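Here are a few friendly notes to read with the structure open beside you. Take them one at a time and find each residue as you go.

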Amino acid sequence: MTRILGFLAAAGLLLVPLAGCMTPAPGGDHAGHNMGTGGGEARLTTFDRSVAGLPSARPMEEVRLENGSTFALTASVVRHDAGGGKEIRMFAYNGQIPGPLLRVDAGSTVTVDFRNDLPLPSTVHWHGVRLAQRFDGAPGVSQKEVMLGQSFRYVVTFPDEGLFWYHPHVREDLAQELGLAGLIVVDRAGEEGPRELPIVLDDVLLRDGDVETFWKEAVNFALMGRYGSTFLTNGRPSHEAATSPGERVRLLVANVANARPFNVSVEGAASVELIALDGGFLRAPAPFGSVILGPAERATIDVVMPASGDVRLVHRGEGDARGLATLRVDASRPTLSDPGAPAAPHERAKASLSAAIARSGTPVNATWDLTVRLAHSMPGGHGSGAGHAVPIEWESETAMGMQMTDANVTWIIRDPALGKENHQLNYTVPEGSLWRVRIRNPADSPHPMQHPIHLHGQRFLVDTIDRRANPYPAWRDTVMVPAGSEVTITIEATNPGTWLFHCHISEHLEAGMEGMLTVTEAAG
Ligand code: C2O
Ligand code: CU
């Protein structure tokens, strides 16, 4: 991070830090301070942080939704201890952090009556679910924001088996950080698999016992994203689950953090296999070492428990290791023998991926370059990161983050052939086609770092990574592109409508890093 500091200072971009003003006034909106943005001055106000009268959040509960049923989903304000040792003001779906785990059968349609009881607008986005465009939850693209006290009826269809999730699509930097995220597990009716354990990975940035300041008028931490100081698994700073000796358990791991990538490994197991990435099963279970999950990415991991002892899920960043969860063998339970992973989902994945895999190496339809613009007066071509780029930033320097807002940082997806970027991009893609994109993340951009790129409404194959064939082809909806890397993806255009693609670091999305793609209905 330090490399950027000199660069910003040289460019006159360092804002006057007003540390005293960053503390929210008790219960109020008057902690404003002035921020020079090269033009006028913006008054920044904070959000209410009071907890008086709020109910305590409950842990995630699983709810099974039958085809044709209606489910009420309410976002509201709760109190919850997110690891700082006291209950603070947080957001919850149906009073739960994380939100309820929704379990459905593939092919189901469920009506979700969403109600917004939050003091800011919201929507629900069904991440990775190929549903009708008008229920996609993208404000300004598929629907209007749902205001405080208002409702919106989503009709959600679940065509694909696998692991998905839901979250708001308004001020994700704030709403997701405060707890709004829930898993969706889509089963195949009549098929059994190992016992599933949800592992929702998150982090939260705490200062003086409360969340670091959010502003109403600007998104802070816009450069690197809001990396947390406290790790959370299923909304709590530590997580344990009990298992039988020898049991095969299936971990449903999702990264719902704003910005932090997790590098997940499993220690102490009798065996570990990678089963699926995002919503898509691999063509066969694969030997597992570790997996890096960017924000919004998921991994399904099978763990065969030893006869005794603990299995630990560990995050390894740069030079540190942090425990994410502990699976304990309960020796009083009978020993189970491992039936192996069911083969059917992998066989279906193999068959449905084959047409996209056969396109490997064919010309791409578009190129997306990932870069950043720092204020309007920035001299071009300085590339302060040149020669220093690391593929993945495991930690962020938070002291500077407050000063980097969407007013002075613009993150960019640019198509060099079209000479267009972000909102200027809206590709036309015929339904039924396989549409290929090369995503490049140059190591010499003004601030090279990883970006998890997500496409709404369709699924895609990650075809190549740094010009080599992807060893784990699967249907994905998000792909993390490290600094200095290049990936090609093959989008299966099946779902008509206009859809967002964007970086899933919440603050990068807020700082402009999104474009659109319109799948046109096939004639006839
Ligand atoms: Cu999960 Cu547009 O995002
Ligand atoms: Cu990004």
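1. Start with aspartate 187, which counts as buried because its relative accessibility is 18%, and buried means under 20%. Keep in mind as you look that this is a predicted model. The salt-bridge partner of aspartate 187 is arginine 103, with 3.0 Å between the closest N and O atoms. Arginine 103 sits in strand S6 (residues 101-105) and aspartate 187 in strand S11 (residues 182-187), so this pair ties together parts that are 84 residues apart in sequence. Is arginine 103 buried or exposed? With a relative accessibility of 12%, arginine 103 counts as buried.

2. The pair is also part of something wider. Salt bridges with shared partners join Glu62, Arg64, Glu66, Arg103, Asp105, Asp187 and Glu196 into one network. The count for the model comes to 43 salt bridges. As a general idea, side chains of opposite charge can pair when their charged atoms come close.

3. Next, look at arginine 260 and aspartate 203, a salt bridge whose closest N and O atoms are 2.7 Å apart. Arginine 260 lies in the loop between strand S17 (248-255) and strand S18 (262-267), while aspartate 203 lies in strand S12 (residues 195-204), so the pair ties together parts 57 residues apart in sequence. Both arginine 260 and aspartate 203 are buried.

4. Now try arginine 467 and glutamate 486, whose closest N and O atoms are 3.3 Å apart in their salt bridge. This pair links distant parts of the chain, 19 residues apart: arginine 467 is in the loop between S31 and strand S32 (468-469), and glutamate 486 is in strand S35. Arginine 467 counts as exposed because its relative accessibility is 68%, whereas glutamate 486, at 15%, counts as buried.

5. Which residues coordinate the copper ion (ligand 2)? They are His451 (ND1), Cys503 (SG) and His508 (ND1), at 2.0 to 2.1 Å. Histidine 451 is in strand S30 (residues 451-455) and histidine 508 in helix H5 (residues 506-510), 57 residues apart, so to speak from distant parts of the chain. In sequence, the spacing of the donor residues is H-x51-C-x4-H. Histidine 451 counts as buried at 1% relative accessibility, and histidine 508 is buried too, at 0%.

6. Finally, the nonpolar cores. The largest has 46 residues, and those with the most contacts inside it are Leu73, Phe91, Trp126 and Ile184. Elements that each supply at least two residues of this core include strand S4 (70-80), strand S5 (88-93) and helix H2 (172-175). Setting aside neighbours within four places in sequence, the contacts of isoleucine 184 include Leu102, Trp126, Val129 and Phe158. A second, separate core has 40 residues, including Val409, Trp435, Ile505 and Val519. In soluble globular proteins, nonpolar side chains tend to be buried together.

Technical notes: Residues are numbered from 1 along each chain as its sequence is written. Chains are lettered from A and ligands numbered from 1 in the order in which they are written. This is a predicted model: local features need pLDDT of at least 70, side-chain atom pairs count only at pLDDT 80 or more; totals for chains, interfaces and linings use all residues. Side-chain values use heavy atoms; hydrogens and water are left out. Donors are N, O and S atoms within 2.8 Å of the metal (3.2 Å for Na, K and Ca); water is not among the atoms, so sites may look incomplete. Helices (H or I, at least four residues) and strands (E, at least two) are DSSP runs, numbered from the N terminus. Buried means under 20% relative accessible area, exposed over 50%, partly exposed in between (1.4 Å probe, protein chains only). A salt bridge is a side-chain nitrogen of Lys or Arg within 4 Å of a carboxyl oxygen of Asp or Glu. A nonpolar core is a set of buried Ala, Val, Leu, Ile, Met, Phe, Trp, Tyr and Cys residues joined through side-chain atoms within 4.5 Å. Contact means heavy atoms within 4.5 Å.
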